[in-house]
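Please examine the sequence and the model shown below before reading on.

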Amino acid sequence: EMLKKARFPVVCGDANALPFQDGSFDVVMSITVLHHVADVGGALREMHRVVRTGGKIIISILKKAEKYAEIAAQIQSLFPVREVDIEKDVVFVGNA
C-alpha cells in the first residue's frame with residue numbers, strides 16, 4: 001500500500017540480477033538486506049555494477065545476523081570501505 005503512494009518509480013528486482021544498466025546510480029544502498037540473500041557475493045557484484053564509477057556504496061548489516069562476519073569480509077574484499085558502528089548495525093560506506 002505504501003509503495004502505491006511513492007513519489008518515485010518503484011522497481012521490483014532480484015538482488016543478484018538488478019534490472020538496471022551499468023553505472024545507473026550515483027549512490028547504491030542496501031539496508032539490512034544482505035543477510036537474507038543466498039548469494040551475497042553476487043548481490044555485492046550487482047551493486048558495484050549499477051553504481052557509477054566514483055559513486056557511493058552504503059551497506060548496513062545487522063550485527064546479530066548469523067552471516068555477519070562472512071558478509072563483512074566479502075564487502076571489505078570488494079570495496080574500499082570504512083565501517084561505522086551504530087548500535088545494532090554496522091554500516092559500510094565506500095566509493096565504487
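Which residue in the turn between β3 and β4 has a positive phi? The two strands form a hairpin with 2 residues between them, and E87 in that turn has a phi of about 40 degrees. The model is a predicted one, in which local features need pLDDT of at least 70, side-chain atom pairs count only at pLDDT 80 or more, and totals for chains, interfaces and linings use all residues. Residues are numbered from 1 along each chain as its sequence is written, and side-chain values use heavy atoms, with hydrogens and water left out.

**Strand pairing**

Helices (H or I, at least four residues) and strands (E, at least two) are DSSP runs, numbered from the N terminus. Two strands are taken to pair if DSSP finds at least two bridges between them. The pairings are set out below.

| Strands | Sense | Bridges |
|---|---|---|
| β1 and β2 (residues 51-62) | parallel | 6 bridges |
| β2 and β4 (residues 89-95) | antiparallel | 7 bridges |
| β3 (residues 81-86) and β4 | antiparallel | 6 bridges |

Individual partners can be located within these pairings. S30 stands opposite I59 in β2, and I59 in turn stands opposite F92 in β4.

β1, α1 and β2 together make a right-handed β-α-β unit. A crossover is called right-handed if, with the strands pointing away from the viewer, the path from the first strand over the helix to the second runs clockwise.

Burial is described by relative accessible area: buried means under 20%, exposed over 50%, and partly exposed in between (1.4 Å probe, protein chains only). Because 6 of the 7 residues of β4 are buried, this strand is largely enclosed by the rest of the structure. I58 belongs to strand β2 and is partly exposed, at 21% relative accessibility. The C-alpha atoms of I58 and E83 are separated by 10 Å, although the two residues are 25 apart along the chain.

**The largest pocket**

A 1 Å grid over the protein atoms alone is used here: a pocket is an open set of points with protein on both sides within 12 Å along at least five of seven lines, and lining residues have an atom within 4 Å of a point. The largest pocket has a volume of about 500 Å³, a volume being the space filled by probe spheres set on the points, which are joined across faces, edges and corners. Its lining comprises 21 residues, of which L18, F20, V28, M29 and S30 lie nearest the centre. The elements that give two or more residues to this lining are β1 (25-31) and α1 (40-50). β1 gives the most, with 6 residues.

By class, the lining has 19 nonpolar, 2 polar and no charged residues. Ala, Val, Leu, Ile, Met, Phe, Trp, Tyr, Cys and Pro count as nonpolar, Asp, Glu, Lys and Arg as charged, and the others, Gly among them, as polar.

**An aromatic pair**

Rings of Phe, Tyr and Trp (its six-membered ring) pair if their centres lie within 6.5 Å; planes under 30 degrees apart count as stacked, over 60 as edge-to-face and the rest as tilted. By this rule there is 1 aromatic pair. The ring centres of F20 and F25 lie 4.9 Å apart with their planes at 85 degrees, so the pair is edge-to-face. F20 is partly exposed, with a relative accessible area of 29%, and F25 is likewise partly exposed, at 30%.

**Other residues**

T32 lies in the loop between β1 and α1. T32 has a positive phi of about 45 degrees although it is not a glycine, and its relative accessibility of 25% places it as partly exposed. M2, in the segment before β1, is exposed at 73% relative accessibility. The C-alpha atoms of M2 and Q76 are separated by 34 Å, the residues being 74 apart along the chain.

Technical notes. 1 Å grid on protein atoms, 1.4 Å probe; cavity = no way out; pocket = protein on both sides within 12 Å on 5 of 7 lines; lining within 4 Å.
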